[in-house]
There are 2 protein chains.
Amino acid sequence: MSKSIFYHAGCPVCVTAEQDIVDLAGRGNVEIVHLGNDGSRITEAENAGVKSVPALLTSNGNVLHINFGASLEEVKG
Amino acid sequence: MSKSIFYHAGCPVCVTAEQDIVDLAGRGNVEIVHLGNDGSRITEAENAGVKSVPALLTSNGNVLHINFGASLEEVKG
């Protein structure tokens, strides 16, 4: 199985959700991407269908938007 | 670790999210509750902090609201 990718931007909602997702899936099964620190991956996230963070891109390509931290437009600043 | 509980109400968004969560956590680690079929558990869900479905109540008591299917008020009908 390919990894899931958890996109976030460092907001408090994101950090809590990150811990919960890692607990659920196991740390080795989730790649964590901080779009605030790594803006080069925002386009990749958008192309995958991510509209807001935190979001989880599952290994089969679905995007689960979790709670609501910030839209990608806000992350781009 | 106690189980996580995935609350949903049978909506298309819920069913997709359910499959993704089960894939992520493993079927044995998540209890699936269909609030449309099992209305007796709506109060339990509300008390846990669930505002809309689909939602995942993690084993440490956090609620992750995933995408947006329906508010609990809509589920109550």
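Mentor: A:Val63 has a relative accessible area of 16% and is therefore buried, where buried means under 20% relative accessible area, exposed over 50% and partly exposed in between, with a 1.4 Å probe and protein chains only. The model is a predicted one, in which local features need pLDDT of at least 70, side-chain atom pairs count only at pLDDT 80 or more, and totals for chains, interfaces and linings use all residues. Residues are numbered from 1 along each chain as its sequence is written, chains are lettered from A and ligands numbered from 1 in the order in which they are written, and side-chain values use heavy atoms, with hydrogens and water left out.

A:Val63 belongs to strand β4 of chain A; strands (E, at least two residues) and helices (H or I, at least four) are DSSP runs numbered from the N terminus. Strand β4 (residues 63-71) of chain A runs antiparallel to strand β3 (residues 52-57) of chain A, and 5 bridges join them. Two strands pair if DSSP finds at least two bridges between them. Within this pairing, A:Val63 is the bridge partner of A:Leu57. The two strands, β3(A) and β4(A), form a hairpin with 5 residues between them, and A:Gly61 in the turn has a positive phi of about 95°. Most residues other than glycine have a negative phi.

Contact here means heavy atoms within 4.5 Å. Leaving aside neighbours within four places in sequence, A:Val63 is in contact with A:Ala48, A:Gly49, A:Val50, A:Ala55, A:Leu56 and A:Leu57, and also with B:Asn67 of the other chain. A:Lys51 is 12 residues from A:Val63 in sequence, and their C-alpha atoms are 9.0 Å apart in space.

Strand β3 of chain A also holds A:Pro54. The peptide bond leading from A:Val53 to A:Pro54 is cis, with omega near -5°, although most peptide bonds are trans. In chain B, the bond from B:Val53 to B:Pro54 is likewise cis, with omega near -5°, and B:Pro54 lies in strand β3 (residues 52-57) of that chain.

B:His8 is placed in strand β1 (residues 4-8) of chain B and counts as buried because its relative accessibility is 6%.

B:Cys14 is in turn linked to B:Cys11 by a disulfide, with the sulfur atoms 2.3 Å apart; a disulfide is a pair of cysteine sulfur atoms within 2.5 Å. The torsion about this S-S bond of B:Cys11 and B:Cys14 is about 60°, so the disulfide is right-handed. Both B:Cys11 and B:Cys14 are buried. The structure holds 2 disulfides over all chains, and in chain A one joins A:Cys11 to A:Cys14, S to S 2.3 Å. That link is right-handed, with 60° about the S-S bond, and A:Cys11 and A:Cys14 are buried.

A rotation of 180° with 0.0 Å of shift along its axis superposes chain A on chain B, with an RMSD of 0.0 Å, by least squares on the C-alpha atoms of residues with pLDDT of at least 70 in both. The two copies are thus related as by a two-fold rotation axis. They meet through the same surface, because 100% of the interface residues of chain A are also interface residues in chain B.
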